[in-house]
Amino acid sequence: MPLYPGENLTISYHIIGDITSIGFAYPYIKYETLFKSLPSLTYLSIFNYRVSDQGDIIEYHDDSEIIKTSIDYGTIPIMMMSSASPMGEPNVEMEYNLLLNEEAQENNINQVINIMRSKGYYGFIITFNYLNENSLELYLNFTKKISERLHKVGFLFFITVNYINQETANGMQVSQIDYTSFSTYVDGMIFLKFLWRTINTPPLPVCNMSNLATLIDYVVTKVPSDKIIIGKPLLGYDWELPFQTDRSKTVSLSLEAVYNLAQATGAFIQYDEKSQNPYYLYNQINIGIPVQHIVWFIDARSLNVIDELIKNYSLIGCGAWNIMVYYAPLWTLINSQFNIIKLI
């Protein structure tokens, strides 16, 4: 059928259901990027607060404008707190000191509530970086305390599980953590492997989809599907080869930077069918000597696998770490398959 100038063309998609989406961002995100992302977000998690072992909260940037803008777009602003620094430096001692100190926990919860009330946040997300079978009771005790206080005054409460992969010859061994009790205290649980600007692990896929499926297959036996949110890591990593622990240089890249680097070096992008992650190799000249690099990253094919997991397990939503650089395929895939739930 021919089209004529002045006619309207409407493109329809095969929408299969509703979904909640959450994007993680720092307060200094470029507003051009933020404006394009907010219409496709149910929640905006603003990473701006670090907790000390005494429960005190460290604030890094003024987040008043991003909170207001989020609300203007019908997206719920969520306060995010972690024991890690904004650059991702872990602090296991700080996190456990807080978990073992009930006075510090009360101090922390009081400060969280005061900040949310004064800033206009609708809810709170705390990140659990070291949750395992041995620390479960400590984390659960803190979760229960936060939940009772926040829900009593009308705030939403989520936890993000920075899950730990245990690779074996037969695939990933899932930690037998009983998430059942956690699910009764929270409005949602986000399973997201946080990736930061530098890491000290050998080259590996950013998000092994086979391992992720194994994790979700276990989690759905413990947590109602309407409380499970799968994280999507929107990053690539560039490893210097051969890899040597504490010596090899490893840096993170935005997905835009990943493709720019591939183009600049003439690299051939390959796809690993097992992990369903793309990668490529390139050489960098260092003092006249070629040094080989490998880059692993996520692309639209990988993201579509996560969407398939969400559909197959009837999960409530997805989360994007992070949305600081706009990646159009992420939103195209989501909006072509789901209706984004808006709650305000």
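Ala300, Leu303, Asn304 and Asp307 of H9 are in contact with Pro329, Leu330, Leu333 and Ile334 of H10, contact meaning heavy atoms within 4.5 Å. This contact comprises 6 nonpolar residues, 1 polar and 1 charged (nonpolar: Ala, Val, Leu, Ile, Met, Phe, Trp, Tyr, Cys and Pro; charged: Asp, Glu, Lys and Arg; polar: the others, Gly among them). The axes of H9 and helix H10 (residues 328-335) lie 10 Å apart at an angle of about 35°; axes are lines fitted to C-alpha atoms, for helices over the stretch in contact, and angles run from 0 to 180 degrees between N-to-C directions. Helices are DSSP runs (H or I, at least four residues), numbered from the N terminus.

The model is predicted: local features need pLDDT of at least 70, side-chain atom pairs count only at pLDDT 80 or more, and totals for chains, interfaces and linings use all residues. Residues are numbered from 1 along each chain as its sequence is written, and side-chain values use heavy atoms, with hydrogens and water left out.

H9 (residues 300-312) also packs with helix H7 (residues 209-219), their axes coming within 11 Å and crossing at roughly 15°. H7 and H9 are therefore roughly parallel (angles under 35 degrees). Met209, Leu212 and Ala213 of H7 make this contact with Ser302, Val305, Ile306 and Leu309 of H9. Its residues are 6 nonpolar, 1 polar and no charged.

Elsewhere, helix H4 (residues 102-119) packs with helix H5 (residues 136-152) at about 35°, the axes 11 Å apart. Among the H4 residues involved are Glu102, Ile109 and Met116, and H5 contributes residues including Phe142 and Arg149. This contact has 7 nonpolar, 4 polar and 4 charged residues.

Terms used:
Helices (H or I, at least four residues) and strands (E, at least two) are DSSP runs, numbered from the N terminus. Angles under 35 degrees count as roughly parallel, over 145 as roughly antiparallel, 65 to 115 as roughly perpendicular and the rest as oblique.
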